[in-house]
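Reader: I would like to learn how to read a structural model with care, taking one feature at a time. Could we begin with the general idea behind each feature and then turn to the case at hand?

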Amino acid sequence: MGALMSAAADDERAEQYAFPTPPAGGWTADDLDRIPGLPPHTELIDGGLFFVSPQTYFHMATLRLLENALLDCAPDDLCVIREMTTKLGERDRPEPDLMVVREGALTGPEQTWYDPSHILLAVEIVSEESVERDREIKPRKYAAARIPHFWRVEQNYGLPVVYVYELDPGTNNYAVTGIHHDRLKVTLPFEIDIDLTAVNRRRGAQA
């Protein structure tokens, strides 16, 4: 009886977590809004679905720090977008951790993605399960889509290190313009000054 109950439970779990079967040639960017039962923050890369692992404290705290800082310093005609997708092409719809977009990119409350032509900055916080995607695949695709600025954020002894890239319009490749450890201070795409050591500090608390 115990073995039968265990097998039934396994079948129930398998049914609960069954993944959708892709069509021939893989999924398209438009499919991401139509596939039933997808976990939150599912991405589409090269026609394949990628699911997010449980978030770490570092990822959450760094995302909060950068989002709050960008909200504080972004000009009024720009918007800071958290964890929404961009449609790079028919088979690519990644979800940057943060984007800075032009205000005209906002189309309404039901919007689920942004056109790369409206994105000034894409930010990826590298997770253990997404190292190759965050370091290699996504930056290459963001550059091909001509997103002018890209930040890659890594963890070093519990603190964020921000690798800042700018698009070379002659080659459509990113060139690194700085590696920032304790303080991120740049003038593009606008004036930004972030104390990276404040990642574990409550907002408004004194250093």
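Author: Let us start with burial, where a residue counts as buried when its relative accessible area is under 20%, as exposed when that area is over 50%, and as partly exposed in between. The model here is a predicted one, and within it buried residues make up 44% of the 207 residues in the protein.

Reader: What is the accessible surface of the protein, and what percentage of it belongs to carbon and sulfur atoms?

Author: The accessible surface comes to about 11700 Å², and carbon and sulfur atoms hold 51% of it.

Reader: How many helices and strands does the protein have?

Author: There are three helices and 12 strands. As for how the chain meets itself, among the contacts with a separation of 6 or more, 52% are between residues 24 or more positions apart.

Reader: Which residues of α2 are buried, and which strands do the buried residues of α2 pack against?

Author: The buried residues of α2 include Phe58, His59, Ala61, Leu63, Leu66, Glu67 and Asn68. The partners against which the buried residues of α2 pack are β3 (78-82), β5 (98-102), β7 (119-125), β8 (149-156), β9 (159-168) and β12 (192-195).

Reader: Where is Ile137 found, and is Ile137 buried or exposed?

Author: Ile137 is found in helix α3, which runs over residues 131-144, and its relative accessible area is 17%, so it counts as buried. Leaving aside the neighbours within four places in sequence, Ile137 is in contact with Ile45 and Glu132. Ile45 is 92 residues away from Ile137 in sequence, while their C-alpha atoms are 8.7 Å apart in space.

Reader: Let us turn to pockets. How much space lies in the largest pocket, and which residues lie nearest its centre?

Author: About 530 Å³ of space lies in the largest pocket. Its lining has 29 residues, and those nearest the centre are His59, Ile125, Ser127, Glu129 and Ser130; of these, His59 is also one of the buried residues of α2. At least two lining residues come from each of α2, β7, α3 and β8, with α3 giving the most, at five residues. By type, the lining divides into nine nonpolar, eight polar and 12 charged residues.

Reader: Turning to the backbone, which residues does a cis peptide bond join?

Author: A cis peptide bond joins Leu188 and Pro189, with omega at about 5°, and Pro189 is found in the loop between β11 (183-186) and β12.

Reader: What is the phi of Asp46, and is Arg146 buried or exposed?

Author: Asp46 has phi near 55°, a positive value in a residue other than glycine, and its place is the loop between β1 (43-45) and β2 (48-50). Asp46 has a relative accessible area of 42%, so it is partly exposed. Arg146, also not a glycine, has a positive phi of about 65° and is in the loop between α3 and β8. Because the relative accessibility of Arg146 is 56%, it counts as exposed.

Definitions and conventions. Residues numbered from 1 in each chain as written. Predicted model: local features only at pLDDT ≥ 70, side-chain atom pairs only at ≥ 80, totals over all residues. Heavy atoms only, no water. Helix = DSSP H or I, 4+ residues; strand = E, 2+ residues; numbered from the N terminus. Buried < 20%, exposed > 50% of the residue type's maximum accessible area, 1.4 Å probe, protein only. Contact = heavy atoms within 4.5 Å. Areas by Shrake-Rupley, 256 points an atom, 1.4 Å probe, with all protein chains shown as cover. 1 Å grid on protein atoms, 1.4 Å probe; cavity = no way out; pocket = protein on both sides within 12 Å on 5 of 7 lines; lining within 4 Å. Points joined across faces, edges and corners; volume = space filled by probe spheres on them. Nonpolar A, V, L, I, M, F, W, Y, C, P; charged D, E, K, R; others polar.
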